[in-house]
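Here is a short report on one residue and the strands around it. Look at the structure first, then read on.

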Amino acid sequence: MKSLHTQILGEDYEVKVGKRKELDLPKELQGSCAYLLKQILVEHSNRECQTEIEKDKRTSNTVAHEVFHAYVHESGLDLDEATEERLAVWYETMWRRMNNTILDILDELGLIDI
(Lines give C-alpha, C1' and ligand atoms only; values in the text may rest on other atoms or scores of the structure.)
Protein backbone atom coordinates (compact mmCIF):
# COMPACT_ATOMS: atom_id res chain seq x y z
CA MET A 1 0.00 0.00 0.00
CA LYS A 2 1.16 3.54 -0.74
CA SER A 3 0.26 6.48 1.43
CA LEU A 4 0.76 10.13 0.56
CA HIS A 5 -0.60 13.52 1.54
CA THR A 6 -2.14 16.22 -0.63
CA GLN A 7 -3.70 19.61 -0.04
CA ILE A 8 -7.34 20.05 -0.99
CA LEU A 9 -8.39 23.67 -0.60
CA GLY A 10 -6.03 24.13 2.34
CA GLU A 11 -6.90 20.86 4.06
CA ASP A 12 -4.38 18.04 4.36
CA TYR A 13 -5.79 14.77 3.03
CA GLU A 14 -4.10 11.40 3.38
CA VAL A 15 -4.43 9.31 0.22
CA LYS A 16 -3.97 5.56 0.51
CA VAL A 17 -3.77 3.38 -2.58
CA GLY A 18 -3.58 -0.40 -2.38
CA LYS A 19 -5.46 -3.66 -2.36
CA ARG A 20 -9.07 -3.63 -1.13
CA LYS A 21 -8.31 -5.74 1.94
CA GLU A 22 -5.35 -3.53 2.92
CA LEU A 23 -7.65 -0.51 2.82
CA ASP A 24 -10.60 -2.28 4.45
CA LEU A 25 -12.86 -1.19 1.58
CA PRO A 26 -16.24 -2.89 1.17
CA LYS A 27 -16.44 -5.19 -1.87
CA GLU A 28 -18.83 -2.89 -3.74
CA LEU A 29 -16.48 0.13 -3.59
CA GLN A 30 -13.35 0.95 -5.57
CA GLY A 31 -12.68 4.04 -3.49
CA SER A 32 -13.86 6.18 -0.64
CA CYS A 33 -13.55 9.76 0.55
CA ALA A 34 -13.90 10.21 4.31
CA TYR A 35 -14.31 13.97 4.82
CA LEU A 36 -14.16 13.92 8.61
CA LEU A 37 -10.99 11.82 8.60
CA LYS A 38 -9.55 13.79 5.67
CA GLN A 39 -8.74 10.49 4.01
CA ILE A 40 -9.11 9.11 0.49
CA LEU A 41 -8.85 5.37 -0.12
CA VAL A 42 -8.38 3.94 -3.63
CA GLU A 43 -8.23 0.30 -4.63
CA HIS A 44 -5.36 -0.63 -6.94
CA SER A 45 -5.73 -4.30 -7.79
CA ASN A 46 -6.47 -6.65 -10.65
CA ARG A 47 -9.98 -7.35 -9.39
CA GLU A 48 -12.25 -7.19 -12.45
CA CYS A 49 -9.35 -6.04 -14.66
CA GLN A 50 -7.87 -8.00 -17.54
CA THR A 51 -4.63 -6.02 -18.00
CA GLU A 52 -2.25 -3.83 -16.03
CA ILE A 53 -3.22 -0.87 -18.22
CA GLU A 54 -6.89 -1.42 -17.38
CA LYS A 55 -6.02 -1.61 -13.67
CA ASP A 56 -3.98 1.60 -13.80
CA LYS A 57 -6.68 3.45 -15.74
CA ARG A 58 -9.34 2.36 -13.24
CA THR A 59 -7.13 3.49 -10.37
CA SER A 60 -6.51 6.89 -12.02
CA ASN A 61 -10.22 7.42 -12.60
CA THR A 62 -11.04 6.39 -9.03
CA VAL A 63 -8.49 8.87 -7.69
CA ALA A 64 -10.15 11.62 -9.77
CA HIS A 65 -13.60 10.53 -8.56
CA GLU A 66 -12.68 10.59 -4.87
CA VAL A 67 -10.70 13.84 -5.14
CA PHE A 68 -13.77 15.39 -6.77
CA HIS A 69 -15.81 14.44 -3.68
CA ALA A 70 -13.17 16.01 -1.43
CA TYR A 71 -13.19 19.26 -3.44
CA VAL A 72 -16.99 19.45 -3.36
CA HIS A 73 -16.97 19.00 0.41
CA GLU A 74 -14.09 21.40 1.14
CA SER A 75 -15.50 24.08 -1.15
CA GLY A 76 -18.81 24.03 0.70
CA LEU A 77 -20.76 23.29 -2.45
CA ASP A 78 -24.17 22.06 -1.41
CA LEU A 79 -25.16 19.18 -3.69
CA ASP A 80 -27.56 16.40 -2.90
CA GLU A 81 -25.88 13.00 -2.72
CA ALA A 82 -27.26 11.68 -6.03
CA THR A 83 -26.21 14.79 -7.98
CA GLU A 84 -22.75 14.81 -6.44
CA GLU A 85 -22.25 11.14 -7.30
CA ARG A 86 -23.48 11.66 -10.87
CA LEU A 87 -21.03 14.56 -11.31
CA ALA A 88 -18.18 12.56 -9.75
CA VAL A 89 -18.78 9.73 -12.22
CA TRP A 90 -18.80 12.24 -15.09
CA TYR A 91 -15.62 13.90 -13.81
CA GLU A 92 -13.75 10.62 -13.44
CA THR A 93 -14.16 10.00 -17.16
CA MET A 94 -13.53 13.59 -18.31
CA TRP A 95 -10.77 14.95 -16.05
CA ARG A 96 -7.84 13.93 -18.26
CA ARG A 97 -9.39 15.43 -21.41
CA MET A 98 -10.29 18.62 -19.55
CA ASN A 99 -6.81 18.90 -18.06
CA ASN A 100 -5.11 18.34 -21.42
CA THR A 101 -7.33 20.92 -23.13
CA ILE A 102 -6.61 23.54 -20.47
CA LEU A 103 -2.86 22.82 -20.56
CA ASP A 104 -2.82 23.02 -24.37
CA ILE A 105 -4.56 26.42 -24.31
CA LEU A 106 -2.30 27.79 -21.56
CA ASP A 107 0.77 26.51 -23.40
CA GLU A 108 -0.32 28.23 -26.63
CA LEU A 109 -0.82 31.46 -24.65
CA GLY A 110 2.56 31.16 -22.92
CA LEU A 111 0.84 30.94 -19.54
CA ILE A 112 1.72 27.37 -18.60
CA ASP A 113 4.46 28.28 -16.11
CA ILE A 114 2.81 31.09 -14.15
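Glu 14 lies in strand 2 (residues 11-18). Strands are DSSP runs of E, at least two residues long, numbered from the N terminus. The model is predicted: local features need pLDDT of at least 70, side-chain atom pairs count only at pLDDT 80 or more, and totals for chains, interfaces and linings use all residues. Residues are numbered from 1 along each chain as its sequence is written, and side-chain values use heavy atoms, leaving out hydrogens and water.

What does the side chain of Glu 14 make a polar contact with? A polar contact is a pair of N or O atoms within 3.5 Å, one able to donate a hydrogen and the other to accept it.

| Side chain | Partner side chain | Distance |
|---|---|---|
| Glu 14 | Ser 3 | 2.9 Å |
| Glu 14 | Gln 39 | 3.2 Å |

Gln 39 belongs to strand 4 (residues 39-43), where five of five residues are buried. Gln 39, Leu 41 and Glu 43 point one way; Ile 40 and Val 42 point the other. In a regular strand the side chains alternate between the two faces of the sheet.

Strand 4 has neighbours. Five bridges join strand 2 to strand 4, running parallel. Lys 16 has Leu 41 as its bridge partner there. Four bridges join strand 3 (residues 31-34) to strand 4, running antiparallel. Gly 31 is partnered with Val 42.

How values were computed: Buried < 20%, exposed > 50% of the residue type's maximum accessible area, 1.4 Å probe, protein only. Pairing = 2+ DSSP bridges.
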